[in-house]
Amino acid sequence: MSEVPILKETTRSTGREALRNNITAAMALAGAVRSTLGPLGQDKLLIDDEGRTMVTNDGVTVLESAKVEHPVANMLINASTTQDRIARDGTTSAVLLSAELLQNAWELVLQGVHPSAIARGYRHAEEACRNHFENLVIKATEKHMLAAATTSLSGKIHQAMQHHLAALAVQAAKAVVEQRPTGPLADPTRVKILTQTGGSMTDSSLVTGLVLAKKRVSDRMPKQMPSGKIALVDGGLERRELMSNVKLNVSSTGVLESFRQKEKTVLLEQINHLVDLGVTLLACKEGIDDDLHAALTDAGIQAYRRVSRSDLDLLARGTNATLNHDVKGLTASDLGVFIQSSNERWNGVMHWIVETEEGGATFIAKGSTNETVGEVERCFADALGVACQLLEEPALLPGGGATQIALARHLRRFAEGFAGREQLAVEAFADALEIIPRTLAQNAGLDPLDTLLQTVAKQTTDGGKNAHFIGLNVEKKRPADMVEDGVVEPLRITRQVLAGATEAALSVLRIDDVLWAKKDPAAPEIPEED
Ligand code: ADP
Ligand code: MG
């Protein structure tokens, strides 16, 4: 068969060779993040083009900042980014698992198993795991929830801070949970995060209500407002700038003055409208003209200007108000309610604190340098993600590889129901799951195989109904009951790791032809019909 002209300028690898190259790329990628897994994982120092440095132990951060050109490696990175978006955790595990699934698939290919048979077996195995989860999960109690939030921080920040941040994250998640007809909804973006450099990270705290680093437009306005009605304006209370191409024909000195006066009257009417509606608190996205401050103060309104759109949205959700573009258009039903609104000076900066019916919470991240504040902020966000997930779906699985070992044991029994090649693939899937406990052991300085065998043996001989709680506790450096030790993770994370890693591995297995355009290719030729 002659080459199609359009492929002349490309390097092509097909069949086995293509698969082998792709799997090598996947393994290389896994190699880059392997050493970060688990609480004893090592940190990586990342240095960007401009020499900026960052120390991280987070798989997805390493991968996203690496300059990876191999398309298959990029497919796996995308899977781990999806993992981060959906579950906020489990990114390293997802990459390790997909690479291991591919490595095991390659060994089957060498034995003459066709990739499509492997793909079928992998799909069955993933489904069998999903069905088996219900036998493994435990219901998340308050104590477990705290343990899971702490587990998500293990290795990322020192222990005292792990407990402190986990407790605040659980408290914050509870402050934003809403009961919906479809079930509880806990949206972590409803928690406002404020950062303050200076002081110790242990001073990081949670405030109920919304805190913004803002001051009221005039000091003459009351510092503290008791419960009342709030109006949110997506615009401002200001005179319009004259457009540059507008010419004002001023024939006598009084015209401009009366024009300005007219504008002010319009704005004062807007303030009267607020008074008529009974508004005592006002927040605008844009400005409020200086000469309106007195009128607002006299009207008994505490007002804020240049409040960001995202903060206005948080206020709207907390107070049940609707944003309106102009003041005149506001109706009574657009207004929200607040319990108290006050101004306090913290570290020399004025802050506006609004307490609302619908709860809401603000986390104040503190630290002595910008780096530590950033670290506190990221850790809190991770723990908050876990706490929110658990309020929505209160199901947990034991960590430390316990769940992967239990799933592998289940799959080996399940494989017996299949004939021939698919059975081999299901077993290969089971083996791949064990990459998690093996890597945890390795990063703890233990022998990966011996430790894995010990842990598996302990699950098998235990025989009790909680045998699947036994995993490797890397702090104790031996197999232990992970639930008792508080190493637990949301079901949602583990389920997503499995689904994402399988999906990524299957898409790589499906490729049997890779066409690389030569660097700097000439304009592609259009193939001619013969
Ligand atoms: P990922 O990016 O996949 O979340 P992490 O570095 O956060 O990777 O490591 C998560 C893994 O570490 C999970 O499998 C979790 O069960 C495990 N882990 C956390 N704490 C412990 C512990 N004390 N002993 C053993 N494993 C632990
Ligand atoms: Mg993690």
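This is a predicted model: local features need pLDDT of at least 70, side-chain atom pairs count only at pLDDT 80 or more; totals for chains, interfaces and linings use all residues.

Started with the largest cavity, which holds about 80 Å³ of space. My search of the whole structure turned up two cavities of 30 Å³ or more.

Next I asked what lines the largest cavity. I noted Arg-190, Gly-209, Leu-210, Leu-314, Leu-315, Gly-318, Thr-356, Gly-359, Gly-360 and Ala-361. Helix H10 (residues 309–319) gives the largest share of that lining, three residues. Sorted by class, I get four nonpolar, five polar and one charged.

Then the second largest cavity, at about 40 Å³. Its lining is made up of Ser-93, Leu-97, Gln-404, Leu-433, Ile-436, Val-497 and Leu-498. H4 and helix H16 (491–509) each put in at least two of the residues there. I find five nonpolar and two polar residues in this lining, and no charged ones.

On to ligand 1. The space it takes is the largest pocket. I looked up the 22 residues around ligand 1, and Asp-89, Thr-92, Ser-93, Gly-400 and Leu-472 come nearest. The shell has eight nonpolar, 11 polar and three charged residues. Helix H4 (91–110) supplies the largest share, three residues; helix H14 (435–443) and strand S17 (470–473) each supply at least two.

Last, the polar contacts. A polar backbone atom of Gly-400 sits 2.7 Å from an oxygen of ligand 1, and one of Thr-36 is 3.4 Å from a ligand oxygen. For Ser-154, I have a polar side-chain atom 3.5 Å from a ligand nitrogen. Of the 570 Å² of accessible area that ligand 1 has on its own, the protein covers 94%.

Methods:
Residues are numbered from 1 along each chain as its sequence is written. Chains are lettered from A and ligands numbered from 1 in the order in which they are written. Side-chain values use heavy atoms; hydrogens and water are left out. A residue is near a molecule or strand if one of its heavy atoms lies within 4 Å of it. A polar contact is a pair of N or O atoms within 3.5 Å; within protein, one must be able to donate a hydrogen and the other to accept it, and residues adjacent in sequence count only if both atoms are side-chain atoms. Accessible areas come from the Shrake-Rupley method with a 1.4 Å probe; for residues, only the protein chains shown count as cover. On a 1 Å grid over the protein atoms alone, a cavity is a set of points where a 1.4 Å probe fits but cannot get out, and a pocket is an open set with protein on both sides within 12 Å along at least five of seven lines; lining residues have an atom within 4 Å of a point. A molecule sits in a cavity or pocket if more than half of its atoms lie within 2 Å of its grid points. Helices (H or I, at least four residues) and strands (E, at least two) are DSSP runs, numbered from the N terminus. Ala, Val, Leu, Ile, Met, Phe, Trp, Tyr, Cys and Pro count as nonpolar, Asp, Glu, Lys and Arg as charged, and the others, Gly among them, as polar. Grid points are joined across faces, edges and corners, and a volume is the space filled by probe spheres set on the points.
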